[in-house]
Amino acid sequence: LPIVMLWTPFGPDNPATVAIAFAAAATAVAGGFLWLLRWPTRRQSVIFWAMSTAAIAATSFAFSNPYSGLGACATFAVIGGFAAYFHTMGHVVVNLAVATVCSAILAHRLIAATGDVALAIATLVTVASLNIGVPFGIESLVHTLRSDLRGSDRDPLTGLLNRRSFHRSVYELMMLHRSPAGTYLVMAMIDLDNFKHLNDTRGHAAGDQALVGVSAALHENCSSAAVIGRV
């Protein structure tokens, strides 16, 4: 985007702003190659987020036309969405704060240059809608997916791990404790005596209540390191 804007009179119009445009484009390309070659570390990803936020801010001020700069502030929504998906709400808020400051300054410049308050307000509303809607919409989606994933690991009746997550947790325990000498992994399977008779004589609700009661007793009497599942 900043490179394309070099060919319009509304874009960078002096050596300093042209240099900013090239630097911002180089940041974007470097970030793209980072993901293309290998998945970055968390630190590298945070650095990319910070550099991208700074690059968008610098580019928006590099445009000679304040309306172009104000419109460019909508690009903060992309980095805000990235932060919402891969990082924390703190990163989203910082990105939104930078976008708000840049938008306010450029809206003031637009009004000073044109006197068109309505255009400035309309553009601000558009930019704000994107910068609030995209990151927080993604944050809401991630929260929902995280809740669904947590729920998919649990037996809906007892709250214990289901078969798949139990096997995965036990495997992780085995990998964690396979090195130290004298370490043991103890596994026990519990079967409820006459459980079918309980269901047949008192109904499945009573059987479910028994399962829930046993599950609660196991949670209360086992250590925090124990992996408890309903197989």
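**Reading a helical model, step by step**

Author: Let's start with the surface: the protein exposes about 14400 Å², and carbon and sulfur atoms supply 66% of that. Accessible areas here come from the Shrake-Rupley method with a 1.4 Å probe, and for residues only the protein chains shown count as cover. Keep in mind that this is a predicted model, where local features need pLDDT of at least 70 and side-chain atom pairs count only at pLDDT 80 or more, while totals for chains, interfaces and linings use all residues. Residues are numbered from 1 along each chain as its sequence is written, and side-chain values use heavy atoms, leaving out hydrogens and water.

Reader: Okay! How many helices and strands does the protein have?

Author: Helices (H or I, at least four residues) and strands (E, at least two) are DSSP runs, numbered from the N terminus. This protein has 9 helices and 0 strands. Its radius of gyration is 28 Å, well over the 17 Å that the globule rule gives for 231 residues, so the protein is more spread out than a compact globule. That radius is taken over C-alpha atoms, and the rule is 2.2 Å times the number of residues to the power 0.38. The C-alpha atoms fill a box of roughly 85 × 45 × 25 Å along the principal axes.

Reader: And how do I read a pair of aromatic rings?

Author: You describe such a pair by the distance of the centres and the angle of the planes. Rings of Phe, Tyr and Trp (its six-membered ring) pair if their centres lie within 6.5 Å; planes under 30 degrees apart are stacked, over 60 edge-to-face, and the rest tilted. By this rule there are 7 aromatic pairs. In one of them, Trp35 and Trp39 sit edge-to-face, 6.4 Å centre to centre with 80 degrees between the planes. Trp35 and Phe48 have ring centres 5.1 Å apart and planes at 65 degrees, so that pair is edge-to-face. Trp35 lies in helix H1 (residues 15-37) and Phe48 in helix H2 (residues 42-62), so the pair ties together parts that are 13 residues apart in sequence.

Reader: Is Phe48 buried or exposed?

Author: Buried means under 20% relative accessible area, exposed over 50%, partly exposed in between (1.4 Å probe, protein chains only). Phe48, at 16%, counts as buried. Trp35 is partly exposed at 25%, and Trp39 counts as exposed at 59%.

Reader: Which residues form the aromatic cluster?

Author: Trp35, Trp39, Phe48, Phe82, Tyr85 and Phe86 form one cluster.
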